[in-house]
Amino acid sequence: MSRSAHPAGPRHADVLPEGHYSAPPADLNVLDPKVWSRTVTRDERGVATVGGIGVDALAEEFGTPAYFLDESDFRARCRAWAEAFGKDADVFYAGKAFLSRAVVRWLKEEGLNLDVCSGGELTTALSAGMPAERIAFHGNNKSEEEIRTAVEVGVGRIVLDSFQEIVRVAHIAQSLGKRQRVQIRVTVGVEAHTHEFIATAHEDQKFGIALAGGQAAEAVRRALKLDGLELIGIHSHIGSQIFDMAGFEVSARRVVGLLAEVRDEHGVELPEIDLGGGLGIAYTSDDDPREPHEIAKALNEIVGRECEAAGLATPRISVEPGRAIVGPTAFTLYRVGTIKPLEGLRTYVSVDGGMSDNIRTALYDAEYSVSLVSRTSEAEPMLTRVVGKHCESGDIVVRDAFLPSDVAPGDLIAVPATGAYCRSMASNYNHALRPPVVAVRDGEARVIVRRETEEDLLRLDVG
């Protein structure tokens, strides 16, 4: 592929338009380990590799766009979370981030539990052999069919999200002659410093039962009176992509305060609290996420301190990392199609995917990194916007990023940290075919979720 010169947008030395970018890195060829999975490097040709395989070979075998998941990194992160919290706590992987039967088997082998929030996720978990007692079932509007299935198979806990659900789960459990273990999800009034759509602990949103006004205390009263329920604890989740532990401290304090109220009113010390997930990852080099051992130490200290002050025995803690495990372990590989310089603004680089494989930029204004991975380049940095092929002006993959100014059609570029929510939220917009997920480990690559075909699209169209 020849790389003929083309009129380019502004270089880093020019006056740049306002945007979501920092200054260009000193060397665009360096793949920052903060945002790439742990086995990603460049080989002697300058081609990026994962698990010992070059992206050029992966593109040749599996096509583009495609998600490539670093299995060794995924498993290592599972072990790090399990070891950080130890045997006296529970780590539930949040399946909504990305779930497949291969992932379920990895979780089972590495000792993690799983939380699901739909019948489909529950079916996937069970079909891959996850023991039901290691599954938690979430959701703000579970259907009666989903609840019945969850109770029948014996899920370890159902997280109750409303007053109606308290009665619904109790009735179904009693009709099946069972006593279902449950937690009550409370909204603790914490404003997480994150995007409005992924903040979940303030009162004005759809999740949970408000602590304010005594609603959560009333939910506990009702749950304790129902024979079909075994209330084991309180659940709280304050949001997603959070780096600051201050919100967790406030949340833990308020949850422990509710536990003290329950003890004082009912003479019962609930044995568990779940502090949710939402810990952030590095999407760009500017992000600074915490390691699992730091998070575990902070949460254990917070809960221990608050329980001691309230005169309570320290409950068993649960956490629910999803993005923090799978997010950094995958990247999306694209092939460049067209280059469109806009003088004085930026250069638009169009790829063969887009919002159908990563809706997060359009939905959350999410920021990502991007690199040229099929070769290295000594060309100077050029401000770009990486966009997709869909019929929407908001079809943006990376809003503002620097790529070498000689990037050309046919080049492979990759967006790291796309393991969480990208495939889970992928769509068939414009009848696009959803990309495959390919697991790579120790020089071997295998499809764990295959690429859709046109036959798949037509199979659902009954015409």
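Buried means under 20% relative accessible area, exposed means over 50%, and partly exposed lies in between. The model used in these exercises is predicted.

**Exercise 1. Classify Ser127: buried, partly exposed or exposed?**

Step 1. Locate the residue. Ser127 sits in helix α4, residues 119–127.
Step 2. Take its relative accessible area, which is 45%.
Step 3. Compare with the cut-offs of 20% and 50%. Ser127 is therefore partly exposed.
Step 4. Look at a residue elsewhere in the sequence. Arg101 and Ser127 are 26 residues apart in the chain, yet their C-alpha atoms are 7.3 Å apart in space.

**Exercise 2. Describe helix α2: what is its span, and which residues are buried?**

Step 1. Set the limits. Helix α2 covers residues 71–85, which is 15 residues.
Step 2. Take the span. From first C-alpha to last, α2 reaches 22 Å, close to the 21 Å expected at 1.5 Å a residue.
Step 3. List the buried residues of α2. They are Glu71, Asp73, Phe74, Arg75, Arg77, Cys78, Trp81 and Phe85.

**Exercise 3. Which residues have the most contacts inside the largest nonpolar core?**

Step 1. Take the core itself. The largest nonpolar core holds 110 residues.
Step 2. Name the residues with the most contacts inside it: Phe74, Tyr93, Ile184 and Ile413.
Step 3. Find the top contributor. Helix α8, residues 246–266, gives the most to this core, eight residues.
Step 4. Look for another core. A second, separate one has 22 residues, including Ala66, Ala282, Leu333 and Val373.

**Exercise 4. How are helices α5 and α6 arranged?**

Step 1. Recall what to look for. Two packed helices are described by the angle and the distance between their axes.
Step 2. Take both values. The axes of α5 (residues 144–153) and α6 (residues 163–175) come within 10 Å and cross at roughly 50°.
Step 3. Name the arrangement. The two helices, α5 and α6, are therefore oblique to each other.
Step 4. The crossing of α5 and α6 is right-handed.

Key. Residues numbered from 1 in each chain as written. Predicted model: local features only at pLDDT ≥ 70, side-chain atom pairs only at ≥ 80, totals over all residues. Heavy atoms only, no water. Core = buried A, V, L, I, M, F, W, Y, C linked by side-chain atoms within 4.5 Å. Buried < 20%, exposed > 50% of the residue type's maximum accessible area, 1.4 Å probe, protein only. Helix = DSSP H or I, 4+ residues; strand = E, 2+ residues; numbered from the N terminus. Expected span 1.5 Å × (residues − 1). Axes fitted to C-alpha atoms, helices over the stretch in contact; angles between N-to-C directions. Parallel < 35°, antiparallel > 145°, perpendicular 65-115°, else oblique. Left-handed = near helix turned anticlockwise from the far one by under 90°.
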